[in-house]
2 protein chains.
Amino acid sequence: MKVSREQVAENRRRILAAAGRLFRARGFEAVTVSDVMTAAGLTHGGFYGYFGSKEDLIAAALADVLATASPMPRDLDRYAEAYLSAAHREDRAGGCPVAALGAETIRHSSKARAAMTDGLRRQIDRLSEGAGGADPETRRQSAIGSWATLVGAMVLARISDDAKLSDEVLAQARAWIGRQNGDEHNHP
Amino acid sequence: MKVSREQVAENRRRILAAAGRLFRARGFEAVTVSDVMTAAGLTHGGFYGYFGSKEDLIAAALADVLATASPMPRDLDRYAEAYLSAAHREDRAGGCPVAALGAETIRHSSKARAAMTDGLRRQIDRLSEGAGGADPETRRQSAIGSWATLVGAMVLARISDDAKLSDEVLAQARAWIGRQNGDEHNHP
DNA sequence: GTCTAAACATGACGACCGTCATGTGATTAA
DNA sequence: TTAATCACATGACGGTCGTCATGTTTAGAC
């Protein structure tokens, strides 16, 4: 049962996409190689024709998800509004890989960690462009501070089993970021 | 081989302490019941005299760690300085359980999640006391925004395999929080 | 059209984990 | 001092997971 070249390419894409979603939803360790292959429409045996090990898949899936980042809105406030939404909080499988898997990545391969670090660098650069202020160093500070706030607020909002508290965390974090940016413009 | 009443109490304390450290260091799933019992100086068989299941242990260990929070410094800036330190970044096993396990807790028992939510509520209250500003609602916003920034910055700093970038994340997040508090005092 | 190599399904393997049954020896209450 | 209880060690059980060997089928080259 050989398969066409295009089919192979699409299978690889499907495996990566399935792994990316499953890992974000359940974490690296709770997802089985068999789970990923089944979700990709295959059986577990073919896996090792695509990746050398589960650890390799983790690194590849992370790099894949991080490569296709969401488009950057005009400014940081718009980005925060979209990121800190209830829809994003509910959609772990399709949401930010840093908020879902950031804390777990440290314990895996150096390639997985390198992929995350690369994503962090690119995200800081992207957010710097959308930050207010003339001084590049100030914009970089806003980018790092805002990104930390966004990731942390999403983790906290997902922790809370009290919907009211969870909503408040999202709203207050949005306001907190807005307060920073607003202050920026008002400064001499 | 019975054991004295005090020994039982100390064993329980040792099991919880070992579980708290191991979970923070390796995550819930990578830690074995046997690992915890060995670290507590016992063998795996006695575990089910103390807890009904591993899931129960997770909830109890989380509640235990969250109950003994670090003392609140005078103001939010001092707290951020201590939290966003290189020492804390390195000490996963003894550090903040939210930064280490927050994202994973969602996938476990409702008791574990409730313990985390309770910890979040208490932390917001604690940080509100150290926040600047006269208006209680503004102080609460500073507490939530700062806490999100602290947790997120620690996650990001631990992700980076580039020490320079990791240090910068900690420093910029500290400055970002300080900018908020500083602005606060200067406002009319 | 034939041959070959490759992709995937099936199935099996060793290892490990959570859990529980049983035995044993010390503690505590009488 | 003795009897009954209880905490823990030992060991075993299903179940599951990552990985690999093998067989089967078909795409692609000649």
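Modeller: The model is predicted, and local features need pLDDT of at least 70, side-chain atom pairs count only at pLDDT 80 or more, and totals for chains, interfaces and linings use all residues. Residues are numbered from 1 along each chain as its sequence is written, chains are lettered from A and ligands numbered from 1 in the order in which they are written, and side-chain values use heavy atoms, with hydrogens and water left out.

Colleague: What makes Arg89(A) and Asp167(A) a salt bridge?

Modeller: A salt bridge is a side-chain nitrogen of Lys or Arg within 4 Å of a carboxyl oxygen of Asp or Glu, and the side chains of Arg89(A) and Asp167(A) meet at 2.9 Å, N to O. Arg89(A) belongs to helix α5 (residues 86-90) and Asp167(A) to helix α9 (residues 163-186) of chain A, so the pair ties together parts that are 78 residues apart in sequence.

Colleague: Why is Arg89(A) called buried, and why is Asp167(A) called partly exposed?

Modeller: Buried means under 20% relative accessible area, exposed over 50%, and partly exposed in between (1.4 Å probe, protein chains only). Arg89(A) has 13% relative accessibility and therefore counts as buried, whereas Asp167(A), at 40%, counts as partly exposed.

Colleague: Which residue of chain A forms a salt bridge with Glu104(B)?

Modeller: The partner of Glu104(B) is Arg107(A), the closest N and O atoms being 2.9 Å apart. Because Glu104(B) has 2% relative accessibility, Glu104(B) counts as buried, while Arg107(A), at 22%, counts as partly exposed.

Key:
Helices (H or I, at least four residues) and strands (E, at least two) are DSSP runs, numbered from the N terminus.
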